[in-house]
Amino acid sequence: MKLRSLFFILIFLSFSYGETRKDCYAVKYFFITVGKICILYNFEERLKVEAKAETTGIFKILKNIRYSGYSISDKKLSPKEFYFKRKEKGLIEIHRYKFSKEWVDYHKTIIIGADEKTESKKIKNKNYIDPFTASLYYYRQIRSGKPIKKSVFFGGKGYFVPYFKRKIENLKINNRSYECYYAEINPVKIKVGGILQPAGVWKLWIEKNENRLIKGVFKIKAGEVVIEIK
């Protein structure tokens, strides 16, 4: 079971600047726990978000998959730097982006065995935001009820994905009740490829008071993936 692209919507603004916080999630596929994702936030002079994902239990033995990455942005959520690394079955995929007001320096490296291929471009910045910072931005906009105005930049392209059906719902996980903002997005135009290609509406539950993701349900080509806070 792959975990790629789930980073796109997992990172969220959950505390004030100057603090550090870590949140972890269980990843379920057809009701079976197949992995975990942990996210570390550091708000100081700048915002840095670090994330790691990996398969667990028997799935780690069958198919060891690891993803890691970070983003750096200013306090206004203007992206500065993005790094993402995917490692599985002798394949390494690395993304490195640097953002300025006018340009995005885009670098992508694929390593398979002894073969290495790098793609580098300088792309006009059309109000782009990196995937990690984009998630912070999405959750802020959903909580405030304001529209999405930025496009997510990944793989050398920008994708505009608005949210809809914003409302308040009560949710119960592990015998604990949460009052949440519920919203939906439809990311089918984002080209991820493979079994993780978005295949329908994705559902999000964001805690109303603490402003953090409690649950996500994602439709992909391979089926349905559920993420719940531990």
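Glu-179 is partly exposed at 34% relative accessibility (buried means under 20% relative accessible area, exposed over 50%, partly exposed in between, with a 1.4 Å probe and protein chains only). Its salt-bridge partner is Lys-208, with 3.9 Å between the closest N and O atoms; a salt bridge here is a side-chain nitrogen of Lys or Arg within 4 Å of a carboxyl oxygen of Asp or Glu. Because Lys-208 lies in the loop between β14 (202–207) and β15 (213–220) and Glu-179 in strand β13, the pair ties together parts that are 29 residues apart in sequence. Strands (E, at least two residues) are DSSP runs, numbered from the N terminus.

This is a predicted model, where local features need pLDDT of at least 70 and side-chain atom pairs count only at pLDDT 80 or more, while totals for chains, interfaces and linings use all residues. Residues are numbered from 1 along each chain as its sequence is written, and side-chain values use heavy atoms, leaving out hydrogens and water.

In the whole structure, six salt bridges are found. Three pairs are set out here:

| Pair | Closest N to O distance |
|---|---|
| Arg-86 and Glu-93 | 2.8 Å |
| Lys-208 and Glu-179 | 3.9 Å |

Arg-86 is buried at 8%, and Glu-93 is buried at 5%. Lys-28, Lys-215 and Glu-228 are joined in a salt-bridge network.

Now to the backbone. Asn-127, not a glycine, has a positive phi of about 60° and sits in the loop between β8 (115–124) and β9 (128–129). Asn-175 has a positive phi near 65°, and it is exposed at 76% relative accessibility.

Definitions and conventions
Helices (H or I, at least four residues) and strands (E, at least two) are DSSP runs, numbered from the N terminus.
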